[in-house]
Amino acid sequence: MLLNTKNLQGYAIRATDGDIGTVTDLYFDDQSWAVRFLVVEPGPWLVGKMVLISPRAVTASDSIDRALSVSLSKANVRDSPATESHKPVSVQHELSYIGYYGRPYYQGVADTGKPGAMLVGEGYGGTAVENSTSEPLAQDPHLRSAGDIARYGIEALDGDIGHLQALLVDDVTWDIRYLVVNTSNWWLGHEVLIAPQWIAGVRWHDSTVSVHLTRQSIKDAPPYHSGSAFGRNEESNLYRHHGFAGYWAGEVRQESPEFILKDKDPRHAHYDAR
């Protein structure tokens with residue numbers, strides 16, 4: 001299921017022995033577009049402390065009760081390292097959390113082909129954990145806040161299309177599947193979806209995301225409405241319209257031989273239905 005980050009704010013976090021608090025933000029990796037931490041504001045049982053929880057600890061999500069169950073106890077959370085949620089998170093800070101919770105490092109799509117795949121004893125790019133607190137890595141702000149990038153401008157190949165409104169996150173892999181773009185400044189009353197695979201680049205210094213799509217292609221895409229069902233059929237229609245293979249292409253190729261990729265790189269692959 002895809003979770004809208006705007007709706008995810010306020011979700012309760014249920015530990016093995018009671019509620020911990022509520023989600024206020026998400027931290028994601030700006031290279032793999034995978035969620036690394038849920039930023040949680042605890043309830044009155046832990047006043048004055050913000051905590052980070054790995055989505056790998058999430059065991060179930062409940063959209064009706066607006067809650068996420070985690071395999072942690074309140075004691076785990078109470079004794080975790082302190083965090084300042086309003087500052088960029090560094091590799092060094094991330095390591096302190098992974099070390100505390102005893103969870104192995106994991107890499108994203110670019111390294112393993114499996115979002116969130118876990119590699120014991122490995123850091124980014126194959127660097128061993130014990131070496132990953134060296135000066136260059138410790139200063140690398142590779143984690144971004146979902147709340148901070150809201151309102152980022154979105155640029156098509158031929159002009160602005162609007163601003164980032166929210167993210168759609170897979171509640172199984174915790175990968176960001178789509179950017180929800182509000183086009184009110186260009187196309188009044190519409191929302192469109194942009195997949196991370198279609199992003200040409202992100203200019204963090206001036207809050208702008210550029211995409212490999214034209215305005216007309218975006219305007220002619222299958223419609224999207226927040227709150228409406230958006231499953232694999234809708235995803236397939238959207239990817240097919242823009243001429244890209246879906247992120248699920250590997251699974252489809254195994255099940256349907258007629259599905260052929262012209263390009264081995266999934267970022268550039270196109271549909272070729274025979």
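Trp 33 lies in the loop between strand S3 (18-29) and strand S4 (35-42). The model is predicted. Trp 33 has a positive phi of about 55°, although it is not a glycine. The structure also holds 11 aromatic pairs, and its second largest pocket has a volume of about 350 Å³.

**Backbone: positive phi**

- Most residues other than glycine have a negative phi.
- Trp 33 has a positive phi and is not a glycine. With a relative accessible area of 9%, Trp 33 is buried, because the cut-off for buried is under 20%.
- Ser 207 is another residue, not a glycine, with a positive phi, near 55°. Ser 207 is found in the loop between strand S13 (199-203) and S14.
- Is Ser 207 buried or partly exposed? At 31% relative accessibility, Ser 207 counts as partly exposed, because its value falls between the 20% and 50% limits.

- Strand S9 (residues 153-156) has a covered face formed by Ile 154 and Ala 156. Gly 153 and Glu 155 make up the uncovered face.
- S9 pairs with S10 in the antiparallel sense, over four bridges. A hairpin through two residues joins S9 to S10.
- Ile 154, on the covered face of S9, stands opposite Gly 162 in S10.
- S9 is also joined to strand S14 (residues 208-211), by three bridges, and these strands run parallel.
- Gly 153, on the uncovered face of S9, has Thr 208 in S14 as its bridge partner.

**Aromatic pairs and cluster**

- One aromatic cluster is formed by Tyr 178, Trp 198, Tyr 224, Phe 230, Tyr 239, Phe 244, Tyr 247 and Trp 248.
- The structure holds 11 aromatic pairs. In one of them, the rings of Tyr 239 and Tyr 247 have centres 6.2 Å apart and planes at 70°. That angle is over 60 degrees, so the pair counts as edge-to-face.
- Tyr 239 and Trp 248 also form an edge-to-face pair, at 5.2 Å centre to centre and 75° between the planes.
- Tyr 239 and Trp 248 are both buried. Tyr 239 has 0% relative accessibility.
- Tyr 247 counts as partly exposed, at 24% relative accessibility.

**Charges over rings**

- Which residue lies over the face of Tyr 247? Arg 177 does, at 3.9 Å from the ring centre.
- The charged end of Arg 144 sits over the ring of Trp 204, 4.0 Å from its centre.

**Second largest pocket**

- Rolling a probe the size of a water molecule over the atoms shows where empty space is left.
- The volume of the second largest pocket is about 350 Å³.
- The lining holds 20 residues, and the closest to the pocket centre are Leu 2, Asn 4, Asn 7, Tyr 224 and Gly 227.
- Strand S1 (2-4), helix H1 (5-8) and strand S10 (159-170) are the elements that give two or more residues to this lining.
- S10 is also the antiparallel partner of S9.

Terms used
Residues numbered from 1 in each chain as written. Predicted model: local features only at pLDDT ≥ 70, side-chain atom pairs only at ≥ 80, totals over all residues. Heavy atoms only, no water. 1 Å grid on protein atoms, 1.4 Å probe; cavity = no way out; pocket = protein on both sides within 12 Å on 5 of 7 lines; lining within 4 Å. Points joined across faces, edges and corners; volume = space filled by probe spheres on them. Buried < 20%, exposed > 50% of the residue type's maximum accessible area, 1.4 Å probe, protein only. Pairing = 2+ DSSP bridges. Phe/Tyr/Trp six-rings, centres within 6.5 Å; stacked < 30°, edge-to-face > 60°. Lys NZ or Arg CZ within 6 Å of the ring centre and 35° of its normal.
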